[in-house]
Amino acid sequence: MNAKNAFLGIDVGSISTKAVIIDDSNAMLAQEYIWTEGNPIGAVKKLLGLLEKQFDRDAWQIVGVGATGSARRMVGSIVGATIVKNEITAHAVGTTTFHPEVRTILEIGGQDSKIILVENGIAVDYAMNTLCAAGTGAFLSSQARRLGIEVEEMGHYALQSTHPTMIAARCTVFAESDLVHKIQMGHPREDIIAGVCRAVASNYLNNVGKGKKICSPVVFQGGVSKNIGVVRAFEDLLRCSVIVDENGHLMGAMGAAILAKRSLKRTLFDFSVEKMEFVTRERGCGGCSNNCEVICVYRNGVLIDFWGNRCERGAARA
Amino acid sequence: MKQHRKVALPRYGEYNCALKYIVEQGFETECILPPPLSRRTEDLGARNSPDLVCTPFKTTLGSMIEALEAGADTIIMVHGACRLNYFGELQEQILRDLGYHFDFINLSLFNTGKKRDILRALRAINPRRSMIRAGRSLYEAARMVEHLDDTTSFYYQNCGFDPTGQYRKIYWRFISDMYAAQSLPDIQEGYRNAVRAFEDVALSKPPDPIRIGIIGDYYTVMDPFSNLEIEQKLADMGVEVHRLMNITNDMLRNSNKNKQAKIREFSEFSMGASSTTDIWQAQNFAERNFDGLIQVKSACCMPETDIMPVLANLSQDYKIPVLYLTYDSQTSDVGLMTRLEAFYDMVEMRRKVTL
């Protein structure tokens with residue numbers, strides 16, 4: 001059997017779960033994007049099922065798996081990933097591979113936003129929101145729900161507006177108050193939606209983008225980049241064109257797959273994970289007054305991994 | 001005046017060993033060590049503090065409560081160059097409102113810049129004790145602080161390259177020696193033992209390791225619990241971690257005078273507290289071609305917030321990446337790890353291009 005090498009990258013975020021399979025030359029063999037819906041393990045299993053259907057298992061064999069996103073640690077241990085990387089690095093690697101000329105990567109996800117500055121194809125500086133998640137995807141979702149439209153349609157409405165409403169978006173919760181106020185004042189819906197999109201962009205630039213020199217070409221990615229209203233707002237504010245890759249939402253997974261390819265570790269991956277039973281349990285360590293929350297992952301009832309303990313005492317009790 | 005006090009200072013890194021030395025050796029009075037900082041300390045502090053005060057206020061208040069629970073009847077609070085001067089007064093009031101009975105020695109009331117006045121304040125611990133012997137204990141405790149800071153700096157610069165795990169044990173043995181020290185020879189012996197033991201461990205250190213400099217507000221950057229052990233986390237990734245901000249450099253040696261003049265290019269006047277020192281340190285790290293800078297600050301710390309634009313300028317001029325971290329009482333370990341890992345990856349990949 002002469003199966004060629006392929007690499008799987010999985011990116012499990014707060015809102016969505018993404019996976020791609022690539023070959024040696026970074027060409028995509030299979031890809032999938034589904035909602036996490038608060039169940040990362042279930043989402044990964046479902047995702048692997050979907051990927052398996054798209055993928056020719058006789059022609060290709062998966063020899064490396066990369067995991068990223070906020071659930072990377074857990075997903076990494078259940079799929080037996082060869083590399084587990086943070087999403088910032090994964091995005092930088094993914095994007096610079098497909099857009100080697102990029103200088104600035106804007107990224108807005110479900111709950112985080114980051115900016116990565118690139119020089120000569122290498123990330124040289126980055127920032128990520130710390131204490132505040134104002135102006136991220138979660139904000140857009142909740143505003144869409146309030147306005148009675150789907151979050152996917154927001155960009156379409158925003159483009160119809162000629163006079164975007166000013167929304168005070170320093171704080172997500174107060175932005176909503178301001179938005180309700182503007183609705184009650186009789187502002188048209190398109191203008192409000194365009195105002196929300198603009199608020200996301202300006203909030204981002206005033207928050208994570210503060211003090212960073214944004215050079216063109218600019219690539220915008222993450223789930224929010226699918227919202228054409230926010231893309232236009234960025235173009236207006238930055239006065240330059242903003243590139244949105246059609247696979248921008250998959251860049252994290254891409255980066256993870258590329259990192260798995262770059263690392264020299266090779267393990268054959270089959271899709272048997274789908275049928276296994278995984279359970280996680282959270283327990284207070286109780287070893288000292290800090291009472292660390294230790295997370296234990298069990299595969300078919302057997303403990304395979306744990307984390308969260310600050311010292312060895314937690315390890316002994318896991 | 002009570003004769004048998006039980007004196008406590010809120011937890012501040014491992015500096016409590018020096019206070020213990022002064023109280024026990026200098027004033028022959030019992031010293032209570034508050035329990036190590038924990039989430040409970042933070043919860044107690046946050047529950048009883050104003051919401052938008054900086055995190056060190058909450059942590060020290062929580063530690064005071066835990067000290068009182070552990071039997072302390074006299075609390076000492078230090079002073080500083082920012083709102084810290086007002087902390088003692090407010091914390092005393094909060095604790096009294098909570099119903100605790102204790103004596104409070106607020107050093108900020110004696111903040112005249114003269115060492116003699118600090119000694120006068122501390123004299124309340126045991127007025128019958130000779131001032132000369134108490135003064136000598138201050139001097140000896142200062143030596144202890146110097147040894148503690150030197151050892152800590154050395155430890156974090158090297159422990160990431162120790163494959164045996166011995167470094168950690170040596171460091172913590174040294175810390176417990178300092179807590180147990182009863183005389184200057186004890187202090188010196190503990191230090192010498194640590195230095196010798198460190199020398200015996202063979203390090204696997206590359207000739208040009210990744211070096212990251214850490215700056216930040218006076219409490220958060222020096223207290224491992226408050227900064228979620230950022231230095232250890234970085235060191236474990238294989239980084240030489242440098243921190244100039246400690247009591248030795250800032251108060252005892254003060255070898256770098258005229259810092260404000262040295263950073264004139266970036267900032268013409270002081271923005272209070274640790275701002276001038278921080279900018280100077282950042283510039284110092286940048287000039288020594290460090291791979292990155294991390295600013296560790298508590299939420300709502302004004303001087304540290306003020307210097308962020310200065311650091312951004314410095315970052316551009318010297319082409320050095322800066323990671324800004326803000327800590328409050330609910331900052332998660334996982335979120336910090338994500339940012340540190342990414343910073344490390346970036347710094348490492350950056351090297352391959354620039355070198």
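How many residues does the contact take from chain B, and how many from chain A? The model to be explored here is a predicted one, and this tour begins where its two chains touch.

**Stop 1: the contact between the chains**

Display chains A and B together. The contact takes 22 residues from chain B and 19 residues from chain A. On the side of chain B that touches chain A, select α2 (39-48), α14 (308-318), β8 and α15 (333-354), each of which supplies at least two residues. The largest share, 9 residues, comes from α15(B). Colour this side of chain B by residue type: the division is 11 nonpolar, 4 polar and 7 charged.

**Stop 2: a buried strand in chain B**

Next, select residues 292-298 of chain B, which form strand β7. All 7 of the 7 residues are buried, so the strand is largely enclosed by the rest of the structure. In a regular strand, side chains alternate between the two faces of the sheet. For β7(B), one side carries B:G292, B:I294, B:V296 and B:S298, while the other carries B:L293, B:Q295 and B:K297; both faces are covered.

Strand β5 (residues 210-216) of chain B pairs with β7(B) in the parallel sense over 5 bridges; to find one point of pairing, look for B:G216, whose bridge partner is B:V296. Strand β8 (residues 322-327) of chain B also runs parallel to β7(B), joined by 6 bridges. Here B:S298 has B:Y327 as its bridge partner.

**Stop 3: the domains of chain A**

Turn to chain A and colour its domains: domain 1 (4-91 + 253-275), domain 2 (100-244) and domain 3 (278-317). The centres of domain 1 and domain 2 of chain A, taken over C-alpha atoms, are separated by 28 Å. Between these two domains, 6 residues of domain 1 are in contact with 11 residues of domain 2. The side of domain 1 that touches domain 2 has 2 nonpolar, 4 polar and no charged residues.

**Stop 4: an open sheet in chain A**

Finally, select the open sheet of 5 strands in chain A, ordered β8-β7-β6-β9-β10 with mixed pairing. Strands β8 (122-128) and β10 (242-243) stand at the edges, each with a single partner strand, so one side of each has no neighbour in the sheet. Strand β7 (residues 113-119) of chain A runs antiparallel to β8(A), and 6 bridges join them; one bridge pairs A:V118 with A:A123.

Key: Residues are numbered from 1 along each chain as its sequence is written. Chains are lettered from A and ligands numbered from 1 in the order in which they are written. This is a predicted model: local features need pLDDT of at least 70, side-chain atom pairs count only at pLDDT 80 or more; totals for chains, interfaces and linings use all residues. A residue is buried if 20 or more other C-beta atoms lie within 10 Å of its own, exposed if 12 or fewer, and partly exposed in between; C-beta atoms are placed from the backbone. Helices (H or I, at least four residues) and strands (E, at least two) are DSSP runs, numbered from the N terminus. Two strands pair if DSSP finds at least two bridges between them. Domain bounds come from an automatic or database domain assignment. Two residues are in contact if their C-beta atoms, placed from the backbone, lie within 7 Å. Ala, Val, Leu, Ile, Met, Phe, Trp, Tyr, Cys and Pro count as nonpolar, Asp, Glu, Lys and Arg as charged, and the others, Gly among them, as polar.
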